[in-house]
Amino acid sequence: MSNEYIIVEQSFGLSGEVQLTGAKNAVLVIMASLILTSGKSKLKNVPASRDVLHMITLLKDLGAQVFFDQEKNELDVDTSTIVHYNVAPEIMKQMRASVLVMGPLLARFGCVDLALPGGCVIGTRPINYHISNFEKMGAHVQITGESISARASKLEAKKLILEYPSVGATENLMMAAVLTPGTTKIINAAVEPEVLDLVKVLQKMGADIEVVPPATIQIKGVATLQPIKHEVIFDRLEAGSLLLAAAMTGGEIHLPQAPAYALDLFLFKLQEMGHKIEVGNDDIGVRLKATKSPRAVSFKTGPYPGFPTDLQAPMMAAQCLASGTSVVQETVFENRLLHVRELQKMGAQISVQHNTATVTGVEELYGVPVIATDIRASCALVLAGFVAKGTTVMSGIHHWRRGYEALEKKLAMLGGTIAFQQHASSHIKGCDSVEGIKKRVQL
Ligand code: EPZ
């Protein structure tokens, strides 16, 4: 566990206009899809988050040449030099999304060797839908201990049925199918905005791929695919987090780039709480003016266009001080309520039954030492810290760094008191002054 912390002080009225970064859950799979081409591609709006750096390491390990201009958020990738198809175990372990190179490597080389991506705190994260459908396409997959080897002399176009609209399985199978002669259909596919951004990238490469409503993705294999230039969609999860920061602290915020079209149910729930929401033309851009007396709302996570599981924890934090009772049901991951324990430490009144948390609004939360258990839990705890009396000291901030590019800077710009801190032992014991934080730590 690193000895670095995020310190958050009670903050009021976070307000202003903020620019968004590109979506982590789009850019990672788009970077993997470049393996399908042999040449130089350019991606814009690439967030400088730890997971992106991990995916760069993986592509370089395969032989690609990668240059990342973190200032301009532009990534140049030359995949003509990719020479092999095995991913080092230590790279696989760093990031589950590494499994998304399986489809492209199978399509390009007919071979792939990698380690099982492993589970994480929010669930065992199996990849059985990926593997069973690769096998249906003619791949021979062998799992020995922690490693997976897949061989396919020729992938075959098939009708692939997903019993659950898995985002990763949909993406992996699409990428395996785009160079496979014939028509592949993915039934009950995931249609998250990040999946559709990948569809757009594959179409730019020259793939013959379309989404047939309600949720079938049809792919007609082509012979080759070309390198592309693409601007990654803005991150709806970062947008949701920033909107909640203003909503919870009584502020007013404008996100001119926010993909409101990808946040309908989330925005609907914020309005149900009493917050004033305005959406820009063509469903791009969101303005929020917080209500002074938020009402608790209930919600259930689900596949898109349902309530996003990645906004469940931050939205739960917003229920802790709302008036009334909120019932939060997590249906996507089997263990994604670990942030409840941490919110309880701050004084939140929450009870849990199986995959359902019941939150009863309280008058006050208190800043205490808390532990982030996953990317989105880290966001929930920072937001709770802004509305808690005193100082919240959050450890486990590698999760924060994995998922966001400097979100703490944006929150500080809005008026939030938030800072990184080495050795926050002084905080662990008691509260610290705002001045003390600002003096000691420059964001
Ligand atoms: C993607 O994960 C996202 N990650 C997740 O974001 C997101 O929460 C999730 O989709 C759901 O929207 C990336 O895009 C990198 P799934 P993924 O396959 O693809 C089960 C974040 O915080 N399942 O749709 O792994 C699985 O266990 C992360 O940014 C199987 O059982 O999600 C889970 O319960 C967290 N077998 C459910 O399906 C399989 O073969 C949804 O998983 C595959 C999945």
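Predicted model: local features only at pLDDT ≥ 70, side-chain atom pairs only at ≥ 80, totals over all residues.
**The ligand and its shell**

- The ligand is surrounded by 21 residues, and the closest of them are Asn128, Ser166, Asp310, Val332 and Arg376.
- Sorted by class, the shell around the ligand comprises 9 nonpolar, 6 polar and 6 charged residues.
- Because domain 1 (4-21 + 235-440) and domain 2 (24-231) both contribute residues to this shell, the ligand lies between them.

**Polar contacts and burial of the ligand**

- On the side-chain part, an N or O atom of Arg125 is 3.1 Å from an oxygen atom of the ligand.
- Backbone atoms take part as well: a polar backbone atom of Pro126 is 3.3 Å from an oxygen atom of the ligand, and a backbone N or O atom of Gly168 lies 2.8 Å from an oxygen atom of the ligand.
- The ligand taken alone exposes 820 Å², of which the protein buries 88%.
- Two or more residues of the shell come from each of helix 1 (24-33), helix 5 (128-136) and helix 6 (167-177), and helix 5 gives the most, with 3 residues.

**The second largest pocket**

- The volume of the second largest pocket is about 390 Å³, and of the 22 residues that line this pocket, those closest to its centre are Met248, Thr249, Gly250, Leu321 and Val387.
- At least two residues of the lining are supplied by each of helix 8 (236-249) and helix 10 (312-319), and helix 8 accounts for the largest share, 3 residues.
- The lining of the second largest pocket divides by class into 12 nonpolar, 6 polar and 4 charged residues.

**Backbone details in the loops**

- A cis peptide bond also runs from Pro213 to Pro214, with omega near 0°, and Pro214 sits in the loop between strand 11 (208-212) and strand 12 (216-220).
- Asp283, although not a glycine, has a positive phi of about 60°, and this residue is placed in the loop between strand 15 (276-279) and strand 16 (284-289).

Methods: Residues numbered from 1 in each chain as written. Heavy atoms only, no water. Near = heavy atom within 4 Å. Polar contact = N/O pair within 3.5 Å; in protein donor to acceptor, adjacent residues only side chain to side chain. Areas by Shrake-Rupley, 256 points an atom, 1.4 Å probe, with all protein chains shown as cover. Helix = DSSP H or I, 4+ residues; strand = E, 2+ residues; numbered from the N terminus. Nonpolar A, V, L, I, M, F, W, Y, C, P; charged D, E, K, R; others polar. Domains from an automatic or database assignment. 1 Å grid on protein atoms, 1.4 Å probe; cavity = no way out; pocket = protein on both sides within 12 Å on 5 of 7 lines; lining within 4 Å. Points joined across faces, edges and corners; volume = space filled by probe spheres on them.
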